[in-house]
Amino acid sequence: MTLTPELRNSRFFKACRQEPVDTTPVWIMRQAGRYLPEYMAVRSKVKFIELCKTPQLAAEVTLTAQRVLGVDAAILFADLLPILEPMGLNLEYAAGEGPVIHNPVKTAGEVDRVRELETVESLSYVYDAVRIIRRELPPNIPLIGFAGAPFTLASYVIEGGSSKNYIHTKTLMYTDPGAWRTLMQRLAGSLGRYLQAQVAAGCQVIQLFDSWAGCLSPADYREYVLPYTRQVIQSVPPEVPVINFLTGNPALLPLCRDAGGDVIGLDWRVDLKTGWAAVGPTRGVQGNLDPITLYADLPTIRRRANDVLLAAEGRPGHIFNLGHGVTPDVPHQNVKALVQMVHELGAGKTTA
Ligand code: CP3
């Protein structure tokens, strides 16, 4: 990947390299989502999966969110789960229910029907969207590509949807380590190629979402998850910054760092200063305002955003974000106001 000087010198890239910035860069996880009237207008005409598979529309949604929010990065409009379709899983986004997999892997013997993707051409609609977005984005705004981490995807493959206790996933992991390894290797190999193709098409940054890994103990994360997440991160070209994000369990932060990533995502369950100390000084951090803060009045949002910035102490390497994705019914004006507040209050300006 050859970076233009505009991108190399952007706030976002400087923060990824832990260099000083004029103000703290900010973007919002799930920024192109249902809270945004412009998204709902597009979404009212097509189903979610069609939106993902129509590059022109996916690109429009990504570009609009970046422009109306004034954020320092755009994120590809796609989803964690469509990669599972060519791997042999039958995915549906059922209205009001979230994603459902109709043929989940319920026993160790069934792992063999999950195919590793030796090529990732079947996801060409994603790379087509990336090419359109990169062409249209302002030259100093990086495009973040992403994928689910192997554990989070394995939990969908096995549970067939979201889960409270991950009973089937953990039972397979605890009782049949060989089948678990096979599944995680197939996911990790496929994900590595998928991310390489996103980068080849024009993404400059990668975020890995391990949204459900917080349900694991540190010992289980280390043994059953970390090697595969590491494999995926190592398959990303070394010049591309990786944001490694997991949520729900700050005790996993040192292991998340060991799995890799230039920037480690923090959720709000840990104070940013404490979280950064757990990650150590060699990496940047991203986060970590509680997304529910966005339902409050503007002075409250401002005070709490400033608390996050104060906890970062103006140290180079902080990317401001929520601690998890923005919720679908939050007032969109508050999200826009938050971005402005961070730019006003961020590092390099007022930190007191
Ligand atoms: O950040 C962005 O704006 C880019 C797009 C993006 C989506 N999903 C679009 C989406 C990203 C990065 C994701 C990631 C994702 N997808 C995660 C990780 C999220 C995190 O914060 O940890 C997960 C677990 C999924 C799987 C998924 N997709 C779920 C559970 C759901 C339904 C739940 C819900 O929010 O309704 C989706 C659907 C989905 N993905 C929507 C969007 C905008 C809503 C679909 C709609 O328009 O109806």
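Figure 1. Strands (E, at least two residues) and helices (H or I, at least four residues) are DSSP runs, numbered from the N terminus. Two strands count as paired if DSSP finds at least two bridges between them. Strands of a sheet pair through backbone hydrogen bonds, either parallel or antiparallel. As the model is predicted, local features need pLDDT of at least 70 and side-chain atom pairs count only at pLDDT 80 or more, whereas totals for chains, interfaces and linings use all residues. Residues are numbered from 1 along each chain as its sequence is written, and side-chain values use heavy atoms, with hydrogens and water left out.

Figure 2. E6 runs parallel to strand E7 (residues 263–265), and two bridges join them. Ile-243 has Val-263 as its bridge partner in E7. Asn-244 is placed in strand E6 (residues 242–246) and counts as buried, at 2% relative accessibility. Buried means under 20% relative accessible area, exposed means over 50%, and partly exposed lies in between (1.4 Å probe, protein chains only). Apart from neighbours within four places in sequence, Asn-244 is in contact (heavy atoms within 4.5 Å) with several residues, among them Leu-208, Thr-229, Ile-233, Cys-256 and Val-263.

**Figure 3. The hairpin of E2 and E3.** Strand E2 (residues 91–94) pairs with E3 in the antiparallel sense over four bridges. Within this pairing, Glu-92 has Val-100 as its bridge partner in E3. The two strands form a hairpin with three residues between them, and Gly-96 in the turn has a positive phi of about 80 degrees.

**Figure 4. Residues around the ligand.** The ligand is surrounded by 24 residues, of which the closest are Arg-34, Tyr-39, Arg-43, Asp-79 and Ser-211. Ser-211 places a polar side-chain atom 2.3 Å from an oxygen atom of the ligand. Asp-79 has a polar side-chain atom 2.6 Å from a nitrogen atom of the ligand. From Ala-32, a backbone N or O atom lies 2.9 Å from an oxygen atom of the ligand. On its own the ligand has 880 Å² of accessible area, and the protein covers 88% of this. Such areas come from the Shrake-Rupley method with a 1.4 Å probe.

Figure 5. The structure holds 13 salt bridges, each defined as a side-chain nitrogen of Lys or Arg within 4 Å of a carboxyl oxygen of Asp or Glu. One of them joins the side chains of Asp-112 and Arg-186 (3.2 Å, N to O). This pair links distant parts of the chain, 74 residues apart: Asp-112 lies in the loop between strand E3 (98–101) and helix H6 (124–136), and Arg-186 lies in helix H9 (residues 177–201). Asp-112 counts as exposed, at 58% relative accessibility. Another salt bridge joins the side chains of Arg-193 and Glu-116 (3.0 Å, N to O). Because Arg-193 lies in helix H9 and Glu-116 in the loop between E3 and H6, this pair ties together parts that are 77 residues apart in sequence. Arg-193 is partly exposed, with a relative accessible area of 25%, and Glu-116 is partly exposed at 27%.

**Figure 6. The salt bridge of Arg-17 and Glu-19.** The side chains of Arg-17 and Glu-19 meet in a salt bridge (2.9 Å, N to O). Arg-17 is partly exposed, with a relative accessible area of 35%, and Glu-19 is also partly exposed, with 29%.

Figure 7. The peptide bond from Gly-287 to Asn-288 is cis, with omega near -10 degrees, and Asn-288 lies in strand E8 (residues 284–289). Arg-30 is not a glycine, yet it has a positive phi of about 65 degrees. Arg-30 lies in the loop between helix H2 (11–16) and helix H3 (37–43) and counts as exposed, at 54% relative accessibility. Tyr-166, although not a glycine, has a positive phi of about 55 degrees. Tyr-166 lies in the loop between helix H7 (150–159) and H8 and counts as buried, at 7% relative accessibility.

Technical notes: A residue is near a molecule or strand if one of its heavy atoms lies within 4 Å of it. A polar contact is a pair of N or O atoms within 3.5 Å; within protein, one must be able to donate a hydrogen and the other to accept it, and residues adjacent in sequence count only if both atoms are side-chain atoms.
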